[in-house]
Amino acid sequence: MLYMNFPNFRVKSKSPGTTMQKLKWSRKKVPLFTLLVLFLLILLAFSTLHSEHSITQFHENPHHVLNHQQASPIYVKPNLSGPDVLDRFSRCNKTVEYSGRKIASNGRGSQRSGHWRVSSERCDVFSGKWVFDNVSYPLYNESNCPYMSDQLACHKHGRSDLGYQHWRWQPHNCNLKRWNVKEIWEKLRNKRLMFVGDSLNRGQWISMVCLLQSVIPADKRSMSPNAPLTIFRAEEYNATVEFLWAPLLVESNSDDPVNHRLDERIIRPDSVLKHASKWEHADILVFNTYLWWRQGPVKLLWSSEANGACEELDGQEAMELAMGAWADWVSSKVDPLKKRVFFVTMSPTHLWSGEWKPGSEGNCYGEKGPIDIEGYWGSGSDLPTMRSVEKILSSLNSKVSVLNITQLSEYRKDGHPSIFRKFWEPLRPEQLLNPPSYSDCIHWCLPGVPDVWNELLFHFL
């Protein structure tokens with residue numbers, strides 16, 4: 001089991017500063033006592049009439065109490081067979097207020113209090129610094145990987161400063177296991193390694209394919225066409241390295257890997273079954289989800305809803321529901337002795353240079369080196385989301401290993417494509433005159449930061 005470090009958060013308790021005063025009643029002040037009793041009787045009668053009125057309103061409108069009082073949440077058992085799957089043509093017939101439903105935990109392990117920490121017996125490989133190393137890095141050449149994505153091939157698209165390719169991650173008190181392509185292929189022999197998630201996880205998958213493909217003869221390897229499930233196959237090892245597009249983990253109307261830019265994002269918060277049917281037989285699973293939950297409110301279409309009525313919820317809370325459904329699948333289906341499951345924490349963005357260079361108004365455009373502020377944490381990594389993810393993952397105990405890539409990636413403001421990538425839509429003249437306005441400060445150049453994420457994965461395999 002790996003560990004995650006978070007800043008310490010403590011809530012200070014406030015001791016009451018007032019004391020109760022004793023009420024003294026004089027036997028001579030009978031009229032005051034009588035008035036008090038009369039007042040209490042009137043108050044009791046009013047409360048009874050009000051309760052009867054509330055009960056009548058509840059029968060006329062069952063949602064009345066739920067909408068205005070803190071009712072106990074309704075727990076939904078996830079991952080039951082439901083209605084037809086969502087696609088990009090799915091729509092909500094109407095949108096109603098969030099009902100407060102939560103995902104039942106299915107008897108997962110108890111949540112550990114406090115933050116996950118590195119035990120004294122093991123080195124925290126996620127705590128360290130970036131060291132410039134133009135001898136050992138990069139681990140492959142961009143031009144020598146036939147599976148490189150045009151969105152991530154920064155040198156091909158005009159980036160001339162190649163320093164971003166030469167940084168090595170060095171833990172403070174130990175060393176990462178040295179990358180050995182033959183050794184990892186032996187670990188993958190007769191196995192399926194599958195990355196599941198969004199475009200950032202796809203970038204990590206492309207990185208892994210580029211790291212591995214060079215030792216496989218061209219006639220002994222193949223790549224399936226781009227689809228929800230894309231597969232790189234190495235015949236010699238009877239092994240595959242796969243990517244499944246599932247940016248929200250649960251079923252959604254954005255599950256098309258190409259046509260997923262929609263005005264209304266709809267999810268089934270209680271079901272991963274559509275995607276699980278593709279990932280359940282993989283031997284090693286690497287999951288991520290984060291970026292897509294940062295794009296505004298999400299529509300919830302519960303599996304039990306037959307009339308197309310959606311509820312609306314903010315991204316973080318909707319993510320907690322989705323992670324609950326995913327955790328239910330892991331808890332009930334994963335045997336750690338037969339299947340390895342990894343979860344990759346959020347990949348940071350570098351959209352505002354004023355966060356690491358006070359007074360500046362740019363972004364990652366033009367950056368040529370890492371941030372050298374120990375423990376730097378920008379607004380692109382949301383701490384409340386990190387805490388909610390920690391809470392869910394801690395309930396899974398040893399069934400999931402965590403690749404905590406967030407802090408180490410926070411330093412790498414220089415690692416993004418910015419303008420040096422293929423853009424799928426023509427750039428407007430005003431954008432071309434202002435490069436920061438269309439810089440990609442979310443994804444990562446390859447070779448680059450995602451290669452280190454895969455070194456960490458290899459370290460723990």
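Histidine 157 is partly exposed, with a relative accessible area of 27%. The cut-offs, with a 1.4 Å probe and protein chains only: buried is under 20% relative accessible area, exposed is over 50%, and partly exposed is in between. This histidine 157 sits in the loop between strand S4 (128-132) and strand S5 (167-171). Helices and strands here are DSSP runs, numbered from the N terminus: H or I with at least four residues for helices, E with at least two for strands.

What does histidine 157 touch, not counting residues up to four places away in sequence? Asp150, Phe420, Arg421 and Lys422. Contact means heavy atoms within 4.5 Å. Take lysine 422: 265 residues from histidine 157 in sequence, but 7.1 Å away in space, C-alpha to C-alpha.

A word on provenance. This is a predicted model, where local features need pLDDT of at least 70 and side-chain atom pairs count only at pLDDT 80 or more, while totals for chains, interfaces and linings use all residues. Residues are numbered from 1 along each chain as its sequence is written, and side-chain values use heavy atoms, with hydrogens and water left out.

Now confidence. pLDDT is the predictor's confidence in each residue, from 0 to 100. The protein chain averages 85, and 81% of the residues score at least 70. Residues 1-30 stay under 50, and the model has 42 contacts beyond four places in sequence for them. Residues 112-121 are also below 50, with 25 contacts beyond near neighbours in sequence.

Overall make-up next. The protein chain has 10 helices and 15 strands. Of its 461 residues, 47% are buried. Among contacts between residues at least 6 apart in sequence, 79% join residues at least 24 apart.

On to the cores. A nonpolar core is a set of buried Ala, Val, Leu, Ile, Met, Phe, Trp, Tyr and Cys residues joined through side-chain atoms within 4.5 Å. The largest has 98 residues, and Trp185, Val241, Trp279 and Trp326 have the most contacts inside it. Helix H6 (residues 315-333) gives the most to this core, with 10 residues. Beyond its neighbours within four places in sequence, tryptophan 279 contacts residues including Met194, Leu249, Phe287, Trp326 and Trp329. A second, separate core has 6 residues, among them Cys154, Tyr164, Ile419 and Tyr438.

Helix packing. The axes of H3 (residues 181-188) and H4 (residues 199-212) come within 10 Å and cross at roughly 115°. That makes H3 roughly perpendicular to H4, a label covering 65 to 115 degrees. Val181, Ile184, Trp185 and Leu188 of H3 meet Met208, Leu211 and Leu212 of H4. Helix H4 also holds asparagine 201. Buried or exposed? Asparagine 201 is buried, at 1% relative accessible area. Its contacts outside four places in sequence include Phe195, Phe243 and Asn288.

Last, the backbone. Most residues other than glycine have a negative phi, and most peptide bonds are trans. Here, the bond from tyrosine 137 to proline 138 is cis, with omega near 10°. Leucine 446 and proline 447 are also joined by a cis peptide bond, with omega about -5°. Asparagine 238 has a positive phi of about 50°, and at 53% relative accessibility it counts as exposed. Asparagine 397 has a positive phi of about 50° too, but asparagine 397 is partly exposed, at 31%.

Note on methods:
Axes fitted to C-alpha atoms, helices over the stretch in contact; angles between N-to-C directions. Parallel < 35°, antiparallel > 145°, perpendicular 65-115°, else oblique.
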